[in-house]
Amino acid sequence: MKAVGLTNALTDFMDIEIAQPKPGTHDLLVKIKAISINPVDTKQREATKLSEEEVRILGWDAVGEVVEIGSDVTLFKTGQEVCFAGDVTRPGAYAEFTLIDERLVGAKPRSLSVEEAAAMPLTTITAWEALFDRLGIVEEDSGKSILIINGAGGVGSVATQLAANIGLEVIATASRPETIEWTKNHGANHVINHRENLTKQLKNLGYEKGVDFILCLHNTNAHWDDMQEAICPQGKICSIVELAEPVKMSLLKDKSATFSYEFMFTRSKYDTDDKVKQHEILTKAAHMLDGGMLQTTLNKVLSPINAATIEEAHQIISSGKMIGKLVVKGFE
Ligand SMILES: NC(=O)c1ccc[n+]([C@@H]2O[C@H](COP(=O)([O-])OP(=O)(O)OC[C@H]3O[C@@H](n4cnc5c(N)ncnc54)[C@H](OP(=O)(O)O)[C@@H]3O)[C@@H](O)[C@H]2O)c1
């Protein structure tokens, strides 16, 4: 089968032919139709160290058709269109066929095109797990406030919609006219600038005591001091971005504030007992997408899937200026 791989200790993408994989007991073999490129792809590319004989296939956000199933599969049948983010410890979806554990998969939202659907799985799972599993937000929190740092990126564009849907007051951050407009269009009540002091801007908006929740979707170190200031006493902060350096937590202690991490590959990487939650999240999100309660965040499509377009997509993501999602569609 065709694939786009990192090979021979090089960091360049190559168009290659490799053997089609065989499904394990819980696996679906999926014929890939479109893939979304994420910062995790560029981070994994940078971290990849290969010997001469090794090949690595990246890509963990895709839509395709189930063409074969493992012996214990119960959730899907061949012929179904599915979407998934997957498991960063396994080969990814820059390939004509990929394997995915059925418990990490959802049915493709019926009303969306293949590329509109491919934009959604990884960012939706991340935003959903961060808001509801890590920050523990429930319907009764309606009316409370949340600061979303990086409103226009892939995760922020979904998190803003989900938070607004359950009635939170959403203050999102953006710094350019086009990202400010995008963020407002995805449901933010207020947009403030992440290149200026956040606490000061929140005070100017009337959040004198700070906000109830903060979701950090960009450089955690850069926003750390401001987040400690901006969180209200007994508030909750979640970040999805690794800390590059140690930080002081004394103000969080003083405020009895909670800090948590969200990593959407935790459930698959550690094979947690509740791994099927990602199937449930994608199923609920598909209903919301089909019902108009959630909009796709697709913003750019490249085609076909080959080394040149994957390289182009990585350059765009690495620019740090992406708005919403970038999808690469179809093998030639
Ligand atoms: N833990 C996980 O499971 C997980 C999952 C997904 C993503 N991530 C990580 O989360 C981060 C965001 O990824 P993403 O795909 O959602 O978005 P993204 O595409 O990386 O975000 C691009 C946006 O970042 C904004 N930005 C630039 N400088 C900023 C700053 N100083 N503060 C806040 N925002 C700034 C820009 O907005 P302006 O142009 O308006 O400045 C730009 O539109 C990445 O580091 C990614 O690796 C983690």
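## Cysteines

Cys216 sits at 0% relative accessibility and counts as buried, where buried means under 20% relative accessible area with a 1.4 Å probe and protein chains only. Cys83 is buried too, with a relative accessible area of 5%. This is a predicted model, where local features need pLDDT of at least 70 and side-chain atom pairs pLDDT 80 or more, while totals for chains, interfaces and linings use all residues. Residues are numbered from 1 along each chain as its sequence is written, and side-chain values use heavy atoms, leaving out hydrogens and water.

You'll find zero disulfides here, a disulfide being a pair of cysteine sulfur atoms within 2.5 Å. For Cys216, the nearest cysteine sulfur belongs to Cys238 and is 9.0 Å away.

## The largest pocket

Next, the open space. The largest pocket has a volume of about 1400 Å³. Of its 48 lining residues, Pro39, Lys43, Asn150, Leu217 and Val241 come closest to the centre. (A pocket is an open set of points on a 1 Å grid over the protein atoms alone, where a 1.4 Å probe fits, with protein on both sides within 12 Å along at least five of seven lines; lining residues have an atom within 4 Å of a point. Volume is the space filled by probe spheres set on the points, which are joined across faces, edges and corners.)

Helix 1 gives the largest share of this lining, six residues; helices are DSSP runs of H or I, at least four residues, numbered from the N terminus.

## The second largest pocket

The second largest pocket holds about 210 Å³. Its lining includes Trp128, Phe132 and Met288, and helix 3, helix 4 and helix 10 (277–290) each supply at least two residues.

Note on methods. Buried < 20%, exposed > 50% of the residue type's maximum accessible area, 1.4 Å probe, protein only.
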